[in-house]
Amino acid sequence: MSYIITDACISCGACEPECPVGAITAGDDIYVIDSATCIDCGACASVCPVEAPQQQ
């Protein structure tokens, strides 16, 4: 399983530097997680102020 970022994302960028494998990038409106790269560690979810990253 991997994480996805839901529409709750406020594009604050807190999650991107926390990802140890660089799976998170800025999308058009919200941040996006590359599911092929994500290692399901949850680091992004632990720093998100709106709980946008969720396990698929």
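So, where does Gln 54 lie in this chain? It sits in strand 4, the stretch covering residues 53-55. Before I go on, please keep in mind that this is a predicted model.

Okay, let's step back and look at the whole chain. We have 1 helix and 4 strands. If you walk along from the N terminus, the order goes β-β-β-α-β. The C-alpha trace spans about 25 × 20 × 20 Å along its principal axes. Now, what radius of gyration does the chain have? The value is 9 Å, and that agrees with a compact globule, because 56 residues packed that way would give a radius near 10 Å.

What about the surface? The chain exposes about 3400 Å², and carbon and sulfur atoms supply 47% of that. On the inside, buried residues make up 32% of the 56 residues. And if you take the contacts with a separation of 6 or more, 56% of them join residues 24 or more positions apart.

Next, the core. The largest nonpolar core has 13 residues, and the ones with the most contacts inside it are Ile 5, Cys 15, Ile 24, Tyr 31, Ile 33 and Cys 44. Strand 1 (3-5) and strand 3 (31-33) each supply at least two residues of this core. Let me pick out Ile 24.

Now back to Gln 54. Take Thr 6: it is 48 residues away along the chain, yet the two C-alpha atoms are separated by 7.1 Å.

You'll find Ser 2 in the segment before strand 1. At 5% relative accessibility, Ser 2 counts as buried, because the cut-off is under 20%. Which residues does Ser 2 touch, not counting those up to four places away in sequence? Ser 35, Cys 38 and Asp 40, plus Gln 54, Gln 55 and Gln 56.

That's my tour, thanks!

Key
Residues are numbered from 1 along each chain as its sequence is written. This is a predicted model: local features need pLDDT of at least 70, side-chain atom pairs count only at pLDDT 80 or more; totals for chains, interfaces and linings use all residues. Side-chain values use heavy atoms; hydrogens and water are left out. A nonpolar core is a set of buried Ala, Val, Leu, Ile, Met, Phe, Trp, Tyr and Cys residues joined through side-chain atoms within 4.5 Å. Buried means under 20% relative accessible area, exposed over 50%, partly exposed in between (1.4 Å probe, protein chains only). Contact means heavy atoms within 4.5 Å. The radius of gyration is taken over C-alpha atoms; the globule rule is 2.2 Å times the number of residues to the power 0.38. Accessible areas come from the Shrake-Rupley method with a 1.4 Å probe; for residues, only the protein chains shown count as cover.
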